[in-house]
Amino acid sequence: MEFGFTADQQEFRQRVREFALKELLPGYLERDRTRTYPLDLQVRIREFIGRPTEVDFIRSGIAVEELARGDLSCAFWGEAAAGSSPLYSGAESSLGKYITGDNDQVGLALTEPEAGADLGGIRTTARPEGDGWVLDGEKNSVSYLNAPAFIVFARTGEPGDGWRGVSAFAVPRTANGLEFEEFDDLGCRSIPRGVVRLHGVRVPPEDQLWGGRGDDPSHRAGPFRHMLEFFNTNKAYIGLMSIGATQQTLDEIIEYAKRREAYGRPIARYQGVAFPVAEAATYLEMARLLCYKALWLRQQNADHQLEGAMAKWFIPKKCVEILNDCMVIRGHLGYSESLPIAQRLRDVAGWQIGDGPPQIQKLMISRRLFGRDFEPM
Ligand SMILES: Cc1cc2nc3c(=O)[nH]c(=O)nc-3n(C[C@H](O)[C@H](O)[C@H](O)COP(=O)(O)OP(=O)(O)OC[C@H]3O[C@@H](n4cnc5c(N)ncnc54)[C@H](O)[C@@H]3O)c2cc1C
């Protein structure tokens, strides 16, 4: 058993941390307030993550964790870039031809007004026309709404087919019939999220990424195999970016508590301050081990669905609680926009929901523990 990072990984962590604190942290609040997409930074962060088809999962996990110390939205880009690598496998030629500029992040258009946690309910349709397809419907929670291309999930089979009747398509943002509407989000506002409406969008046959026609036996494999692989790994990255933002806050709070005096002594001397910090450090260390275990399994192509679900359920929620404790310890300025704690709290809060809410993660964990015959309701 080996718990340690290699010397090379430690040096890499240090390098990314320096970059995050020097280059990302100073503009963190301003980018969010002005909703400025960090394209220049994205290009530089790409160096730390690697190409989507050649991702080293542990290394990119370290990058995501450390980037979040500076700006969770920049780490979100790293997470999406690294996490989406299974989605790129076999889809490079379809997606690649639509990526012409510096922005190489593809949007994932899955969630719909009537299909969120229950993805089998997807209603967007893909109807055959000639040898291609015509897409109609609405996707209502697409991160990277500014992406040059989208992976759109649409129904090629019958509604009763559930998730088996769904295919995935590459759609460029320049396609005729696309309409966009941005949300007014609580956090991560430098990465636009919102609605993509599809009105008779034509897709050539070579841009059907996975799935088949309704009667094709290969349809049974379905695009959800790729999706699940993506989500399983991504949950560890989401955990790590929540940990990075929270650990940075905890480090700042420790320094503050040693400096700040009340009733004649540093507030670190009060158990009411030191104990929540000690508990938080313990939770973060447990959380970190779980995430790197999941990525270590992924690196070996081993099953990591359970570890991913555990990380996704537990970590963003626990980090929200820790950030709240840190805000209280920092006093009234912790609640202001002159410090980044409130922003980190808003950013991490969204990851309780994004990529599957906690109840769905617990459903997956329970299924593993009890078996499908005892599926909880
Ligand atoms: C920051 C952020 C980024 C996102 N990015 C994307 C993106 O890029 N692309 C994309 O397609 N989507 C994205 N999403 C959407 C996200 O994946 C969905 O919000 C999520 O899957 C839940 O869907 P819903 O919001 O429609 O909730 P619903 O499905 O309506 O569920 C509502 C509540 O009921 C609970 N619930 C549902 N079924 C059960 C059950 N069987 N048992 C117990 N509880 C249940 C859920 O857990 C949830 O709490 C993003 C969301 C956020 C917040």
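The domain bounds used here come from an automatic or database domain assignment. With that in hand, let's walk through this predicted model. The protein chain is divided into domain 1, made of residues 7-83 and 226-374, and domain 2, residues 104-222. Their centres, taken over C-alpha atoms, are separated by 29 Å.

Where do the two domains meet? On the domain 1 side, 21 residues are in contact with 11 residues of domain 2. Helices α2 (28-34), α5 (72-83) and α11 (341-350) each supply at least two residues of that domain 1 side, and α5 gives the most, with six residues. By class, this side of domain 1 has 10 nonpolar, six polar and five charged residues.

Now to the ligand. It has 21 residues around it, and the closest are Leu-110, Gly-116, Ala-117, Gly-354 and Pro-357. The elements that give two or more residues to this shell are β1 (107-109), β3 (132-143) and α12 (358-370). Both domain 1 and domain 2 give residues to the shell, so the ligand lies between them. The shell is made up of 10 nonpolar, eight polar and three charged residues.

Helix α10 is worth a stop too. Spanning residues 305-329, this helix has 25 residues and reaches 36 Å from its first C-alpha to its last, close to the 36 Å expected. Just after α10, Gly-331 takes a positive phi of about 75°.

Finally, a word on confidence. The protein chain averages a pLDDT of 91, and 95% of the residues score at least 70. Over residues 213-221, however, pLDDT stays under 50, and the model has 13 contacts beyond four places in sequence for this stretch. Where pLDDT is low, the predicted coordinates should not be read in detail.

Methods: Residues are numbered from 1 along each chain as its sequence is written. This is a predicted model: local features need pLDDT of at least 70, side-chain atom pairs count only at pLDDT 80 or more; totals for chains, interfaces and linings use all residues. pLDDT is the predictor's confidence in each residue, from 0 to 100. Two residues are in contact if their C-beta atoms, placed from the backbone, lie within 7 Å. Helices (H or I, at least four residues) and strands (E, at least two) are DSSP runs, numbered from the N terminus. The expected span of a helix is 1.5 Å times one less than its number of residues. A residue is near a molecule or strand if its C-beta atom, placed from the backbone, lies within 6 Å of it. Ala, Val, Leu, Ile, Met, Phe, Trp, Tyr, Cys and Pro count as nonpolar, Asp, Glu, Lys and Arg as charged, and the others, Gly among them, as polar.
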